[in-house]
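Dear colleague,

Please find the sequence and structure below.

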Amino acid sequence: MTTAIDLSNPNIEYPSADGEPVAETYVHLYAILTTLEVLKQYLTGRKATVLANQFLYYAQGFPRLRVAPDVMVIFDVEPGGRDNYKVWEEGQVPKVIFEMTSKGTENQDQEYKKTLYEQLGVFEYWLFDPKGEWIPEKLRGYRLQGETYQLITDGQSQPLGLFVKVEGDLLGFYRIDTGEKLLIPTELAEQLQQERQRAEMERQRAEMERQRAEMERQRAEMERQRADQLAAYLREQGIDPDNLP
């Protein structure tokens with residue numbers, strides 16, 4: 001005998017936290033946060049959202065069936081944050097997932113999560129090992145071909161339209177169409193500072209040009225006044241300055 005589960009039961013709770021730390025180390029946390037921020041900025045204005053370390057519930061009525069991807073990108077949903085993400089409410093599974101992996105999470109990331117994401121239909125699954133503890137090249141990606149994951153060999157995230165590269169302890173993202181790098185927050189701050197400095201230098205240059213122009217105007221005015229004074233003196237002496245040789 002089986003017991004039917006009322007999936008619409010409002011008393012079923014889907015928690016948004018479990019008290020576990022977000023990441024093992026600062027290096028992993030920084031990689032998560034920079035990836036989140038870079039992709040959020042990149043997808044601004046599009047019908048998509050980027051979430052980090054939030055529960056992904058994939059089976060209605062079974063709140064224990066959940067996983068918390070480090071960073072997940074979901075398309076064709078309303079932008080903005082959520083306390084958690086329920087597949088049956090949103091109607092979309094994540095298109096791309098990034099896990100910042102380590103030796104301690106190797107088995108879970110490479111076996112359990114890889115199998116789960118494959119079964120859920122997550123199109124791309126990227127593993128980033130910032131310390132190089134078990135992935136020598138630090139970055140490994142998988143893309144669905146049919147119903148199974150195949151290793152990504154071109155370094156491209158097709159849904160994102162980006163090249164994904166290792167840059168020290170972080171992931172670097174470059175537009176496939178233009179090659180332009182997506183700047184991380186510290187790089188954006190440096191760029192803003194440089195632009196402010198350039199703007200200030202341009203302001204100072206314009207001010208110097210204005211001052212030079214004013215000095216030239218004053219010089220010309222003094223020359224005119226001297227010419228007027230000389231002409232007046234000549235007329236007092238009975239000399240027509242206009243008929244001078």
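**Core and ring contacts**

Apart from neighbours within four places in sequence, Leu160 is in contact (heavy atoms within 4.5 Å) with Leu39, Tyr42, Leu43, Val73, Phe75, Val96 and Phe98. This is a predicted model, in which local features need pLDDT of at least 70 and side-chain atom pairs count only at pLDDT 80 or more, while totals for chains, interfaces and linings use all residues. Residues are numbered from 1 along each chain as its sequence is written, and side-chain values use heavy atoms, with hydrogens and water left out.

Leu160 is also among the residues with the most contacts inside the largest nonpolar core, together with Leu39, Phe98 and Phe173; this core has 29 residues. A nonpolar core is a set of buried Ala, Val, Leu, Ile, Met, Phe, Trp, Tyr and Cys residues joined through side-chain atoms within 4.5 Å; buried means under 20% relative accessible area, with a 1.4 Å probe and protein chains only. A second, separate core of 19 residues includes Leu51, Val67, Tyr125 and Leu144.

Ring centres within 6.5 Å make a pair, which is stacked if the planes are under 30 degrees apart (Phe, Tyr and the six-membered ring of Trp). Ten aromatic pairs are counted by this rule. The rings of Tyr125 and Tyr142 are stacked, because their centres are 6.5 Å apart and their planes lie at 25°. Tyr125 counts as buried at 0% relative accessibility, and Tyr142 is buried with a relative accessible area of 8%.

Yours sincerely

Conventions:
Buried < 20%, exposed > 50% of the residue type's maximum accessible area, 1.4 Å probe, protein only. Phe/Tyr/Trp six-rings, centres within 6.5 Å; stacked < 30°, edge-to-face > 60°.
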